[in-house]
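Here is a short report on a protein model. Have the coordinates open while reading.

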Number of protein chains: 2
Amino acid sequence: MKLNKEQIEAKDDSERVLFINSLSGFKSANLVGTANDEKQSNLAIVSSVVHLGANPALLGMVMRPHSVPRGTLENIINTGVYTLNHVNTDIYQQAHQTSARYPEDISEFNEVGLNEQWEEGFAAPFVKESHIKLGMKLREKHHLAINGTEFLIGEIISIEVPDELVSEDGFISLEKANTVAVSSLDTYHSTQLLGHLSYAKTDRDLSFLDREG
Amino acid sequence: MKLNKEQIEAKDDSERVLFINSLSGFKSANLVGTANDEKQSNLAIVSSVVHLGANPALLGMVMRPHSVPRGTLENIINTGVYTLNHVNTDIYQQAHQTSARYPEDISEFNEVGLNEQWEEGFAAPFVKESHIKLGMKLREKHHLAINGTEFLIGEIISIEVPDELVSEDGFISLEKANTVAVSSLDTYHSTQLLGHLSYAKTDRDLSFLDREG
């Protein structure tokens with residue numbers, strides 16, 4: 001089918017949400033861990049984390065104040081820190097359940113059955129069951145007036161990852177970590193390696209790297 | 001392993017690039033099609049497309065002026081339009097090859113063996129071999145001074161997708177489209193469905209939807 005702008009806008013709301021959310025391609029699946037000043041924790045799944053740069057190590061994240069529990073955004077702004085924890089195949093159902101609208105004084109950790117992991121001197125909890133855990137420091141917040149979303153830029157200031165996932169050249173196997181991919185709003189996928197491709201040059205053919213993972 | 005900010009920054013440049021690029025999770029794989037005023041085409045793979053909203057239908061995209069061929073960014077700004085074309089398992093090697101630094105007057109379409117598909121009244125070419133094709137209109141450009149990248153916000157103004165991929169509720173099966181996921185800088189993955197999960201509510205357990213795809 002081919003749709004133009006008018007046909008897209010004419011779709012029923014719930015149908016359009018599933019449809020348009022499918023179009024960006026596969027998405028990352030991360031749990032955002034935060035806390036308020038009393039260490040009351042919050043946990044929210046997000047599929048909008050995007051790589052911004054490696055030096056400094058920066059990740060962007062889109063937050064929709066109307067759909068994500070507001071507590072998460074307020075906590076990030078108040079404490080200046082948050083955690084990002086990869087969602088893996090063992091915990092994707094608990095991770096999805098964090099998107100239910102729990103009251104603000106309820107911790108999603110308890111409700112969905114995931115465990116807080118606190119590190120000394122860091123004011124946000126990690127998810128113990130996650131294999132790849134990032135400590136993030138908020139660097140910038142951009143209000144996107146076009147649709148009322150917030151684009152947060154955070155710097156990666158700590159990384160926890162199992163040694164056996166990391167290749168000599170720095171590559172981390174998300175597949176070995178059982179990290180999942182998301183499509184649309186509600187669909188989770190595991191992955192299968194197609195290949196590691198060599199750096200593309202104009203004067204030679206691509207080859208497959210024999211890196212493990 | 002656990003790394004702090006100093007240990008992250010101490011890594012060798014090429015190692016840090018592969019390492020940090022792994023940390024956001026799985027990424028979307030799209031080919032950006034553009035053209036200059038003479039319809040000279042450009043094609044570039046990007047892994048930074050992110051969903052911003054369904055109404056209006058908006059996608060964000062991070063572009064690094066120093067790593068992506070500048071022609072793509074210039075063409076988007078000049079013509080105000082671009083296309084996004086999902087990378088599938090049949091074309092991921094050609095898609096990766098677009099990242100080689102071809103001279104500006106060379107079209108990556110020809111060099112990597114993909115075909116241009118032009119639609120009347122739209123000043124950017126689609127990729128014929130892609131199954132999910134989006135016509136995009138540039139709406140905003142945010143310069144991210146923190147690391148010199150550009151965050152482009154585009155509105156989806158046309159969609160081409162095979163009927164058989166679309167469920168009654170609006171969901172599009174990226175898996176049936178053979179859309180690939182990317183990890184780090186150079187690694188491509190196909191996917192396997194774990195499940196479609198019901199809308200999370202605080203007062204009931206999750207269930208699996210029996211939607212096809």
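**Interface**

This is a predicted model. Chain B and chain A bury about 8900 Å² between them. Carbon and sulfur atoms account for 62% of that area. In contact terms, 103 residues of chain B meet 103 residues of chain A. Eight salt bridges are counted between chain B and chain A. In one salt bridge, the side chains of Lys5(A) and Glu155(B) come together at 2.6 Å, N to O.

**Rings**

Over all chains, the whole structure holds five aromatic pairs. One of them joins Phe151(A) and Phe151(B): the ring centres are 4.2 Å apart and the planes stand at 15°, so the pair is stacked. The cut-off for stacking is planes under 30 degrees apart. This pair crosses between chains, from strand S11 (residues 149-160) of chain A to strand S11 (residues 149-160) of chain B. Phe151(A) and Phe151(B) are both buried.

Two cases are tabulated here.

| Charged residue | Ring | Distance to ring centre |
|---|---|---|
| Lys11(A) | Phe19(A) | 4.4 Å |
| Lys39(A) | Trp118(A) | 4.6 Å |

**A sheet across both chains**

Six strands form an open sheet with antiparallel pairing. Their order is S2(A)-S12(A)-S13(A)-S13(B)-S12(B)-S2(B). What stands at the edges? Strand S2 (27-28) of chain A and strand S2 (27-28) of chain B do. Each has a single partner strand, so one side of each lacks a neighbour in the sheet. Strands of a sheet pair through backbone hydrogen bonds. S2(B) pairs with strand S12 (residues 181-183) of chain B over two bridges, in the antiparallel sense. Within S12(B), Val182(B) is the bridge partner of Lys27(B).

**Val50(B)**

Val50(B) belongs to strand S5 (residues 49-54) of chain B. Is Val50(B) buried or exposed? Its relative accessible area is 4%, so Val50(B) is buried. The cut-off for buried is under 20%. Leaving out residues up to four places away in sequence, Val50(B) touches Ser24(A), Ser48(A) and Val62(A) in chain A. In chain B, Val50(B) touches Leu58(B), Leu59(B), Gly60(B) and Phe151(B). That Phe151(B) is a member of the stacked pair with Phe151(A). Asp12(B) lies 38 residues from Val50(B) along the chain, and their C-alpha atoms are separated by 29 Å.

How values were computed. Residues numbered from 1 in each chain as written. Chains lettered and ligands numbered in written order. Predicted model: local features only at pLDDT ≥ 70, side-chain atom pairs only at ≥ 80, totals over all residues. Heavy atoms only, no water. Phe/Tyr/Trp six-rings, centres within 6.5 Å; stacked < 30°, edge-to-face > 60°. Helix = DSSP H or I, 4+ residues; strand = E, 2+ residues; numbered from the N terminus. Buried < 20%, exposed > 50% of the residue type's maximum accessible area, 1.4 Å probe, protein only. Lys NZ or Arg CZ within 6 Å of the ring centre and 35° of its normal. Pairing = 2+ DSSP bridges. Contact = heavy atoms within 4.5 Å. Buried area = accessible area lost by both parts, 1.4 Å probe. Salt bridge = Lys/Arg side-chain N within 4 Å of Asp/Glu carboxyl O.
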